[in-house]
Structure formats: C-alpha cells, structure tokens
Amino acid sequence: PPDRDGYEPRMLELDHRRKLPPTRHAAFRPLLRGARRFLPLVDRLEASARETPAGRRRVLDAFLTVWGSVIDAHLRATEELLMPVTLDPEIEQRARTEQRLLRSMANDGFRVRSDPDPVWIANFARKVRRYLDWEERSWFPRIERSVAADRLRALENAIRRHEGAHHRSDA
C-alpha cells in the first residue's frame with residue numbers, strides 16, 4: 001500500500017519483463033536488458049520531483065542503491081568492452097563525456113543529506129534516460145555497422161563473460 005507520499009515499494013523494483021528490440025545484434029542484448037530493467041526506476045525518480053522532500057529522499061536513496069549494482073556496472077562494461085571497438089572518435093568522446101557527467105551527478109546525489117532539489121532530480125533522471133536511449137539508438141548501431149561479424153561474435157562472448165562475472169559477484 002502507498003504511504004502518504006504515494007510511494008509504493010513495488011514501484012522501485014526493477015522491471016524484468018521489458019522486451020528488447022529485435023534489431024540489435026545479440027552482443028548488445030545483455031547490456032540492453034540491464035538498462036531496460038532500470039528504466040522504470042528512472043521514471044520513478046523523475047516523478048518523485050513532484051513529491052514531498054521525504055518522498056524525493058526515499059526514491060533517490062532507492063535509485064542510488066540500484067545505481068551502483070546496475071547502471072554503474074553497465075557503464076563500466078561499456079567502457080571496458082565497447083570503447084575499444086568504437087571506431088568513431090566523436091562517438092567515443094560523447095560516451096566518455098556523458099558517462100562522466102552521470103557519475104558526477106550520482107556522486108552529487110550520494111552527498112545530498114536532506115531534501116534533494118526537485119529540479120536536480122528531474123534533470124538527473126532525464127540525463128540517465130537520454131544517455132541510455134542514445135546508446136541503444138546511436139552507439140550500438142554504429143558499432144554494429146562498423147565492426148566485422150567475427151569481431152561482433154567475440155564482443156558477444158566478452159559481454160556474456162562480463163555479465164556472468166558481474167552476476168556471480170552480486171551473489
């Protein structure tokens with residue numbers, strides 16, 4: 001049942017049912033799956049900007065808890081596995097710049113002790129969503145078009161190994 005801020009615990013759970021776009025190479029599916037599971041919490045964070053200070057604080061805390069285990073792990077995987085096969089320096093620079101910005105904003109969120117600024121919360125959520133959308137619509141397709149099939153298969157295997165190691169370390 002919701003509390004007085006409209007907060008329901010189930011609203012902060014990761015969504016495991018989101019479908020992946022069939023057009024992406026299998027190499028990218030684990031990365032897409034992880035990011036898409038996180039999107040409902042991004043939506044919840046943005047919506048919390050209209051809540052009471054206590055409601056915003058509760059949602060931000062939940063968001064940042066998941067941040068470390070899901071999104072920061074996702075960003076590390078893209079740095080380690082996708083940056084080396086990104087042939088376009090502008091795309092690589094954009095990825096690095098946006099990842100740095102998101103990490104900086106997450107660190108700012110960890111430092112907030114009381115009432116998170118609603119404008120900052122909404123902005124952070126929009127930037128996370130925009131970055132994840134950019135990965136899916138621009139960066140991943142650019143890699144698909146520019147990397148040979150055997151290199152994509154090797155990338156797929158590396159991503160699967162990375163995901164397996166990440167899930168084992170979470171257990």
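Predicted model: local features only at pLDDT ≥ 70, side-chain atom pairs only at ≥ 80, totals over all residues.
Trainee: Let's start with the overall fold. What order do the elements of the protein chain run in from the N terminus on?
Mentor: Happy to begin there. The protein chain has five helices and zero strands. Read from the N terminus on, the order is therefore α-α-α-α-α.

Trainee: How much of the protein chain is buried?
Mentor: The chain has 171 residues, and its accessible surface comes to about 9,000 Å². Carbon and sulfur atoms hold 51% of that surface. Residues count as buried under 20% relative accessible area, and their share here is 49%.

Trainee: Now helix H4. Where does H4 bend?
Mentor: H4 covers residues 118-146, 29 residues in total. From first C-alpha to last it reaches 41 Å, close to the 42 Å expected. There is still a bend of about 40°, and its place is glutamate 135.

Trainee: Which residue forms a salt bridge with arginine 126?
Mentor: Arginine 126 sits in helix H4, and its partner is in helix H1 (residues 29-47), 80 residues apart. The closest N and O atoms of the pair are 3.3 Å apart, and because the cut-off is 4 Å, the pair counts as a salt bridge. Arginine 126 itself is partly exposed at 42% relative accessibility. The partner is glutamate 46.

Trainee: Which residues are linked in a network of salt bridges?
Mentor: By the rule used here, the count comes to 16 salt bridges. The pair of arginine 126 and glutamate 46 is one of the links to keep in mind. The network is made of Asp43, Glu46, Arg126 and Arg129.

Trainee: In the salt bridge of arginine 103 and aspartate 72, is aspartate 72 buried or exposed?
Mentor: The two side chains meet at 2.8 Å, N to O, joining helix H3 (residues 89-111) to helix H2 (residues 53-82). Arginine 103 has a relative accessible area of 21%, so it is partly exposed. Aspartate 72 is at 16%, and since the limit is 20%, aspartate 72 counts as buried.

Trainee: Why can arginine 94 and glutamate 98 be described as separated by about one helical turn?
Mentor: Their side chains meet in a salt bridge of 2.7 Å, N to O. An α-helix has 3.6 residues a turn, so residues three or four places apart point the same way. Arginine 94 and glutamate 98 are about one turn apart because their spacing in helix H3 is four residues.

Trainee: Which elements give two or more residues to the largest nonpolar core?
Mentor: That core has 47 residues, and those with the most contacts inside it include Trp139 and Leu155. The elements you ask about are H1, H2, H3, H4 and H5.

Trainee: Last one: leaving aside neighbours within four places in sequence, which residues is leucine 155 in contact with?
Mentor: Leucine 155 has its place in helix H5. Its relative accessible area is 6%, so leucine 155 is buried. Its contacts are Ala27, Phe28, Leu81, Leu82, Val85 and Ile143.

Note on methods: Residues numbered from 1 in each chain as written. Heavy atoms only, no water. Expected span 1.5 Å × (residues − 1). Bend = angle between axes of the 7 residues up to and from the residue. Buried < 20%, exposed > 50% of the residue type's maximum accessible area, 1.4 Å probe, protein only. Areas by Shrake-Rupley, 256 points an atom, 1.4 Å probe, with all protein chains shown as cover. Core = buried A, V, L, I, M, F, W, Y, C linked by side-chain atoms within 4.5 Å. Contact = heavy atoms within 4.5 Å.
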